[in-house]
Amino acid sequence: LNLMVLFHNFYRNKPQKVVQYFYSIIERKGVIFMKHNEMLAMILAGGRGSRLHELTNKVAKPAVGYGGKYRIIDFPISNCANSGIDVVGVLTQYESVILNSYVAAGGRWGLDAKDSGVFVLPPREKADANLDVYRGTADAISQNIDFIDGFGPEYLLVLSGDHIYKMDYDKMLSYHKEHNADATIAVIEVPMKEASRFGIMNTDEDGRIVEFEEKPPQPKSNLASMGIYIFNWKLLRKMLVADMKNAESNHDFGKDIIPALLTDERKLMAYKFKGYWKDVGTIDSLWEANMDLIETPSPLDLSDPTWKIYTEDTNSLPQYIGEDAKVSHAYINQGCVIEGEVKNSVLFTGSRIAPEAKIIDSVLMPNVIVEEGAVVTRALIADGVRIGAGAVVGSPDSEHIELISKRVKGEE
């Protein structure tokens with residue numbers, strides 16, 4: 001494994017043809033990189049996350065905080081670790097410095113042993129094209145074909161890095177095998193009135209996908225794609241190579257690869273997922289996902305010892321609840337100091353609520369300071385923001401959640 005890691009890191013930014021040349025030499029010399037892996041996971045974590053506005057100005061969307069102590073990327077990587085997947089590639093691109101350093105520490109997910117690892121895979125410069133970015137979801141995988149080939153998987157699991165859910169990918173793989181599928185796509189039933197917001201899979205009575213529609217104005221079904229795919233690697237590899245040569249392609253799974261598989265009459269199966277799943281692509285949906293944690297019972301049980309979500313353990317003091325503080329129905333993480341009132345809210349590490357301040361129906365990211373007498377209602381407060389004494393932020397009647405990303409001055 002160490003030889004593979006050193007080799008891949010050294011040639012990470014070398015032209016693709018050079019990398020392939022050196023791989024061929026090593027293979028001819030009979031060097032064995034590591035044990036054979038039945039399924040390898042690739043997490044697409046390079047999106048801009050522009051709908052999260054200021055939260056993603058300096059950090060990639062998958063590195064955005066969630067649930068008081070987690071980052072969004074913790075969920076797909078923890079799912080991989082819990083599903084017995086030893087090798088995970090994380091494909092990063094925009095504002096990736098924090099995300100790269102975070103996921104490179106594979107030990108927090110138990111993926112730092114021999115024959116396992118979490119690998120950061122940024123775009124690489126190509127010898128035959130003036131490109132140093134991923135042009136689409138399929139292109140992100142195409143640029144890392146040599147990395148995947150080094151592990152020799154039978155199946156490739158492709159995941160999105162910006163969804164909140166718990167899922168056993170091994171069960172999905174068993175379903176894929178049982179149906180002798182060429183590709184299997186995880187789907188979830190959504191309300192029919194919302195189906196036009198998603199990529200929709202139309203299936204026959206056996207669950208075989210017969211049509212894919214991207215955000216159809218009049219959907220025929222409510223089976224929404226979750227952005228979770230299992231492919232037979234040999235077949236996908238062949239299609240990716242052909243896609244790279246197609247100048248008209250968008251190099252995207254939804255727009256190009258999946259339709260091509262259907263055109264070729266390949267067997268695509270829909271794997272119906274019944275658990276909690278949330279796309280946290282907007283401020284409102286991120287707030288909603290945090291609020292889901294304080295429902296009773298919570299639809300996403302993070303205390304389940306059989307399926308833990310692993311994250312970074314911060315070195316903070318325990319939370320402190322003052323003598324005159326009032327706390328009800330709240331998630332309050334370590335390092336918080338509460339001397340005011342907190343109701344129906346989620347507070348991340350290190351938040352401080354002064355006497356007579358009120359936090360209602362809100363999410364406070366790490367190290368937020370709310371000064372004396374301030375009131376925060378139906379708002380999401382970004383990392384390190386200070387709310388001045390006596391200030392009023394948000395409204396109980398607002399249709400959308402207010403994002404506060406800069407200091408709010410208090411009363412003069």
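Okay, let's start with Glu38: at a relative accessible area of 33%, this residue is partly exposed, a label that covers everything between buried, under 20%, and exposed, over 50%, with a 1.4 Å probe and protein chains only. Lys177 also counts as partly exposed, at 38%. The side chains of Glu38 and Lys177 meet in a salt bridge, 2.4 Å from N to O; the term takes a side-chain nitrogen of Lys or Arg within 4 Å of a carboxyl oxygen of Asp or Glu. Glu38 sits in the loop between helix 2 (16–28) and strand 1 (39–44), and Lys177 in helix 7 (residues 169–178), so this pair links parts of the chain 139 residues apart. Helices here are DSSP runs of H or I with at least four residues, strands are E runs of at least two, and both are numbered from the N terminus.

Quick housekeeping. This is a predicted model, where local features need pLDDT of at least 70 and side-chain atom pairs count only at pLDDT 80 or more, while totals for chains, interfaces and linings use all residues. Residues are numbered from 1 along each chain as its sequence is written, and side-chain values use heavy atoms, leaving out hydrogens and water.

Back to the bridges: a search of the whole structure turns up 7. Another one joins Glu371 and Arg386, at 2.7 Å, N to O. Glu371 is in the loop between strand 23 (369–370) and strand 24 (375–377), Arg386 is in strand 26 (residues 386–387), and so the pair ties together parts 15 residues apart in sequence.

Now the inside. What is the size of the largest nonpolar core? That core has 93 residues, and Tyr169, Ile228, Val370, Ile381 and Ile387 have the most contacts inside it. By nonpolar core I mean buried Ala, Val, Leu, Ile, Met, Phe, Trp, Tyr and Cys residues joined through side-chain atoms within 4.5 Å. Helix 10 (residues 283–292) gives the largest share of this core, 5 residues. There's also a second, separate core of 38 residues, including Met201 and Tyr229.

Last stop, the rings. The structure holds 10 aromatic pairs, meaning Phe, Tyr or Trp rings (six-membered ring for Trp) with centres within 6.5 Å; planes under 30 degrees apart are stacked, over 60 edge-to-face, and the rest tilted. Phe198 and Trp277 make a tilted one, 6.4 Å centre to centre with 50° between the planes. Phe198 lies in the loop between strand 8 (183–189) and strand 9 (199–203) and Trp277 in strand 13 (residues 277–279), so this pair ties together parts 79 residues apart in sequence. Both residues, Phe198 and Trp277, are buried.
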